[in-house]
Amino acid sequence: MMDNNIIRASWKFEIFRAHSLRNVLILLMSVILVSCDDFIDVPPKDAIDAESFFSNSTELVFAVNGVYTQQRGIFGNFNYFNLIEARTDNAGQDQLDQRERVETDTFEETPGNLLLVNVWTQNYVLINNANNVIQRAPEVPFETSAQEELINRSIGEAKFLRAMSYFILVNMFGEVPLRTQATNDFDNATLPRSPVNEVYSLILSDLNDAVNSLPENYSGGQLNEIGRATSLAAYTLLGKVHLQMGNKSEASAALNNVINRFDLMPNYEDLHAPGNNNLPESIFEVNFNPDNQIGLTMNNLFIPASEAARLGIVAGGFAGRLPTFPTKDVQTIFEEGDLRASASFTTYDNNGNLDQYISKFLDLDAAGNGSNINLIILRYADLLLMKAEADGESAASYELINQVRRRAFGKNPSLPDASVDIDQTDTGTFLEKVMLERRRELVFEGHRLFDLKRLPSSEALNILNDHLASEYVGVPTVRDFQLIYPIPQTEIDVSNGVVTQNPGYN
């Protein structure tokens, strides 16, 4: 797996990151077992000079690995899940839980909310790491065409990862500072927010570059590289970005490059099963590996401790009231026979009451190092539904939707089946049908918030307010400006006001 390479090498990139700051001269990487006098006299042989770090293509790969490593901190973080999924009608929050988490669920957060600070910071750390790669890679010497190709590929990977973080930031916060150069000191640390269209322009540029520099796959590679970003992953993200921007024809064109290049898994429940990594349906995923002490741990917060004990999960679950759980509404959206419901949430005995918990990422063998589950960020079912949405109502679009539906009911995705297939005669507009299918298929996978943002704002607000009114008592009405988050106050403060606040949050 790619993540093994990342862990073996990422410590070297951490050295580079530390040395990229001018005021950091030495980084000790291990405890040197020598006497105090010897320690004083011995020069630091294990320090790496920043200017010489990118001395060859191998070290460049180490740096790229460090960018991938940062993705685990973003997508495997419970804060991100709360901001991106529990914000919607898919998941609810315990109203007696930590106040900052509750506020993000009921749209009452303030600019000082630490969840926002955390997600903002993690994405900008990734962006800065990617900027270092993009900026320094052209300086890396090479002797062979293979080394030159590796350098170009590394730049493409860094641009793909940078584009993904900016896509998250612009959808969560709107206008954000656009950093394209590595921040190595405090001289260029403060930048104002850039207009949304400029942020999207960089995202599109990065992804078009990634499409042209990344391979379609890594099968047969000598370095066990399966799991890295590919040109097909870049095309998929490019289609998603265009769709989010409202560029439906461009989205369809990008997604066309990936159609029929992947397959739907026969069994929906296998998608997130432990150890089922980089499956034929997976286009891009974030790797976790408990063997390297980097297993997924966020999912432990979804399962009650009593249920974890009953199932024999050594890693345990959450003691007390679950902080996050499936909403009452999401439990009603699945038709009878839809296997996605039981694969996504499960009933448990909560002191005599039958309640539900999120079971989509359940690892019965999880122990102290976390779960052996990768988080799939882009997959083929998502792509099929995006393509249908981009193309609009037609027999071909319904066929794309029905492929996903057939698998959900245990059918062959390629064979029409009147018992599950839908068409123009079914209730609702075409967009409503696409969105409902996306919600069922991708529930708890971090897509719902951005999906809602593609709807007219009045419709998105109605959905969110109906959800809050049915789930809780006495929460305020969500208003239009709250469809994006406030800029973290810390960013405004440290910039001396150069970074400004979103309207409505002042």
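In which crossing, left-handed or right-handed, does helix 10 pass helix 13? Point 2 has the answer.

1. **Basis.** This is a predicted model, where local features need pLDDT of at least 70, side-chain atom pairs count only at pLDDT 80 or more, and totals for chains, interfaces and linings use all residues. Residues are numbered from 1 along each chain as its sequence is written, and side-chain values use heavy atoms, with hydrogens and water left out.

2. **Helix 10 against helix 13.** The crossing is left-handed; that term applies if the near helix is turned anticlockwise from the far one by less than a right angle, while clockwise gives right-handed. Helix 10 spans residues 248-256 and helix 13 spans residues 380-391. Their axes come within 8 Å and cross at roughly 145°. Axes are lines fitted to C-alpha atoms, for helices over the stretch in contact, with angles from 0 to 180 degrees between N-to-C directions. From helix 10, K248, A251, S252, L255 and N256 meet L383, M386, K387, E389, A390 and D391 of helix 13. Contact means heavy atoms within 4.5 Å.

3. **Overall make-up.** The chain holds 18 helices and eight strands. These are DSSP runs numbered from the N terminus: helices are H or I with at least four residues, strands are E with at least two. Of 506 residues, 57% are buried (under 20% relative accessible area; exposed is over 50%, partly exposed in between; 1.4 Å probe, protein chains only). Accessible surface is about 21,300 Å², with 51% belonging to carbon and sulfur atoms (Shrake-Rupley method, 1.4 Å probe; for residues, only the protein chains shown count as cover). Among contacts with a separation of 6 or more, 69% join residues 24 or more positions apart.

4. **Cores.** The largest nonpolar core has 109 residues. Such a core is a set of buried Ala, Val, Leu, Ile, Met, Phe, Trp, Tyr and Cys residues joined through side-chain atoms within 4.5 Å. F160, Y166, M172, I203 and F284 have the most contacts inside it. Helix 7 (residues 145-173) gives this core its largest share, 14 residues. Leaving out residues up to four places away in sequence, M172 touches Y80, L83, I84, V119, F450, I484 and Y485. A second, separate core has eleven residues, including F107, L452, L468 and L483.

5. **E148.** This residue is found in helix 7. E148 is partly exposed, at 35% relative accessible area. E148 and S57 are 91 residues apart in sequence, yet 8.1 Å apart C-alpha to C-alpha.

6. **I487.** This residue lies in the loop between helix 17 (457-471) and helix 18 (489-494). I487 is buried because its relative accessible area is 0%. Beyond neighbours within four places, I487 contacts P111, W120, F173, E175, R193, I492, V499, T500, Q501 and N502. For T500, 13 residues along the chain, the C-alpha separation from I487 is 7.7 Å.

7. Strand 6 (residues 345-350) and strand 7 (residues 353-358) run antiparallel, joined by six bridges. Strands pair if DSSP finds at least two bridges between them. F345 has I358 as its bridge partner, and N350 stands opposite N353. Two residues sit between the strands, and N351 takes a positive phi near 55°.
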